[in-house]
Amino acid sequence: MAESIAKYDALTAELVAALEEKMPGITWAVDDTADMSPAQDGRCMLYLQSMQSSADIVEPSRNFEDLFAAADPVLEKHGFPAFDGIDPVPGGWVVTRSTDAVGATLSIRSKFPAYLELTVPVKSESCDPKEIPAS
């Protein structure tokens, strides 16, 4: 699990750096710490530390065009497919997702502010957050 956390935290860090470079007026900070819980399908899901933007990114990114331009090369480097557009989500949210071969899903959703979240299926008997190594 520690390897997964290190691998995906590196993706998050590179992605945030790319987004801050593409949209210099908007910074990202930690929103929530890592957590773990069983999913509805019975798998144990690791919810990595999430990030929150200092401002909405829809308008500044030209409806996510700049986000895709900045993020897609980082995704590819880390084994994720490029974002393939915006998901139809109710409630005014603008959302995009990418899922890698092991089922890790990176999502960015924005409705002032924006959130970057990463979930990873992990092998765990108890699926207890206490198993998450201290960073």
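Helices (H or I, at least four residues) and strands (E, at least two) are DSSP runs, numbered from the N terminus. This is a predicted model, in which local features need pLDDT of at least 70 and side-chain atom pairs count only at pLDDT 80 or more, while totals for chains, interfaces and linings use all residues. Residues are numbered from 1 along each chain as its sequence is written, and side-chain values use heavy atoms, with hydrogens and water left out.

**View 1. Phe-64 sits in the loop between strand S4 (50-53) and H2.** Here is a backbone angle to look up in your own viewer: phi of Phe-64 is near 80°, a positive value in a residue other than glycine. Phe-64 is buried, at a relative accessible area of 0% (buried means under 20% relative accessible area, exposed over 50%, and partly exposed in between, with a 1.4 Å probe and protein chains only).

**View 2. Helix H1 (residues 2-22) and H2 have axes that come within 9 Å.** Two packed helices are described by the angle between their axes and the distance between the axes. For H1 and H2 the crossing angle is roughly 155° (axes are lines fitted to C-alpha atoms, for helices over the stretch in contact, and angles run from 0 to 180 degrees between N-to-C directions). The two helices are therefore roughly antiparallel to each other (angles over 145 degrees count as roughly antiparallel, under 35 as roughly parallel, 65 to 115 as roughly perpendicular and the rest as oblique). On the H1 side, the residues that meet H2 include Leu-11, Leu-15 and Lys-22; among their partners in H2 are Asp-66, Val-74 and Leu-75 (contact means heavy atoms within 4.5 Å). The residues of this contact divide into 10 nonpolar, no polar and 4 charged (Ala, Val, Leu, Ile, Met, Phe, Trp, Tyr, Cys and Pro count as nonpolar, Asp, Glu, Lys and Arg as charged, and the others, Gly among them, as polar).

**View 3. Pro-81 lies in the loop between helix H2 (65-77) and strand S5 (94-99).** Its relative accessible area of 43% makes Pro-81 partly exposed. Setting aside neighbours within four places in sequence, Pro-81 is in contact with Leu-75, Ser-98, Thr-99 and Asp-100. Arg-97 is 16 residues from Pro-81 in sequence, and their C-alpha atoms are 9.5 Å apart.

**View 4. A cis peptide bond joins Phe-112 and Pro-113.** Omega is about -5° for this bond. Pro-113 belongs to the loop between strand S6 (105-110) and S7, and Phe-112 lies in the loop between S6 and S7 too. Phe-112 has a positive phi of about 50° although it is not a glycine, and Phe-112 is exposed, with a relative accessible area of 59%.

**View 5. A disulfide joins Cys-44 to Cys-127.** The S to S distance is 2.1 Å (a disulfide is a pair of cysteine sulfur atoms within 2.5 Å), and a search of the whole structure finds 1 disulfide. Cys-44 lies in strand S3 (residues 44-47) and Cys-127 in the segment after strand S7 (114-122), so the pair ties together parts that are 83 residues apart in sequence. With 85° about the S-S bond, the link is right-handed. Cys-44 is buried at 6% relative accessible area, and Cys-127 is buried at 9%.

**View 6. Ser-124 is placed in the segment after S7.** Ser-124 counts as buried at 18% relative accessibility. Leaving aside neighbours within four places in sequence, Ser-124 is in contact with Met-36, Cys-44 and Glu-131. Leu-46 is 78 residues from Ser-124 along the chain, with 9.9 Å between their C-alpha atoms.
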